[in-house]
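Student: Could you walk me through this structure with a few questions and answers?
Tutor: Gladly, let's take a look together.

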Amino acid sequence: TSDTIMASLKVVAVLKAFAKPSPDTQVKQGDTAGILAFHIVNQNPLDNASPPDTISILTVTLGQGPDSAIKSVQLWYDSGAIGIFQPSIDILRDSKDISGTSVTLNFAIPDQIFQAGDTRHFIVAVSIYDTAILGTQLDMHIATGGIGHILTGNVPETSVNSLGVMTIVAS
């Protein structure tokens with residue numbers, strides 16, 4: 001006789017976000033520079049049973065420094081995948097002006113489908129006012145659960161932040 005064993009397996013995407021070293025440690029008054037570099041990866045195995053996941057929104061939070069120094073914050077696709085802000089080759093995905101006391105910004109990320117094994121690289125950049133106070137230090141991060149996606153689970157599981165802060169210097 002033979003026995004048949006049936007197993008039921010629930011597979012969910014395993015998106016992970018990883019910070020890279022800070023793309024820029026200084027920004028000149030009136031200039032734009034990268035403040036946060038990170039990549040998102042679907043760590044599911046490369047097989048037919050692993051469903052894709054889609055991210056649709058990314059929430060970035062100002063962790064240090066006055067929002068009054070920042071004119072706008074942009075989300076860029078890091079075309080070089082090296083964590084260095086290069087506006088001539090990186091692709092602007094979304095931009096938000098800072099108004100009032102905004103410290104949390106939601107960026108739309110249209111149609112970012114992650115198949116098993118896929119990786120995407122991003123940079124968050126800040127544009128600084130010409131009148132920003134010299135020596136001011138800024139820092140931004142993605143809070144736990146700050147990446148909106150279709151399948152279950154918090155992405156990221158813990159806050160994602162590039163090492164170090166950005167300092168405003170003279171132009």
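Student: What share of the contacts with a separation of 6 or more comes from residues 24 or more positions apart?
Tutor: Keep in mind that this is a predicted model. Take the contacts in the protein with a separation of 6 or more, and pick out those between residues 24 or more positions apart. Their share is 75%.

Student: How many helices and how many strands are there in the protein?
Tutor: Read along the sequence, the pattern is β-β-β-β-β-β-β-β-β-β-β. The count is therefore zero helices and 11 strands.

Student: Is strand E9 largely enclosed or largely open?
Tutor: Strand E9 spans residues 137-141. Four of its five residues are buried, so the rest of the structure leaves strand E9 largely enclosed.

Student: Which strand is joined to E9 by three bridges?
Tutor: Good one! E9 has two bridges to strand E11 (residues 166-169), and these two strands run antiparallel; there, leucine 138 stands opposite methionine 166. Three bridges, also in an antiparallel arrangement, link E9 to strand E4.

Student: Which residue in E9 is the bridge partner of threonine 61?
Tutor: Threonine 61 lies in strand E4. Among the residues that threonine 61 touches are Val103, Asp139 and His141. Its bridge partner in E9 is histidine 141.

Student: Does threonine 61 count as buried or exposed?
Tutor: The cut-off for buried is under 20% relative accessible area. Threonine 61 has 16% relative accessibility, so this residue counts as buried.

Conventions: Residues are numbered from 1 along each chain as its sequence is written. This is a predicted model: local features need pLDDT of at least 70, side-chain atom pairs count only at pLDDT 80 or more; totals for chains, interfaces and linings use all residues. Side-chain values use heavy atoms; hydrogens and water are left out. Buried means under 20% relative accessible area, exposed over 50%, partly exposed in between (1.4 Å probe, protein chains only). Two strands pair if DSSP finds at least two bridges between them. Contact means heavy atoms within 4.5 Å. Lists of a residue's contacts leave out its neighbours within four places in sequence.
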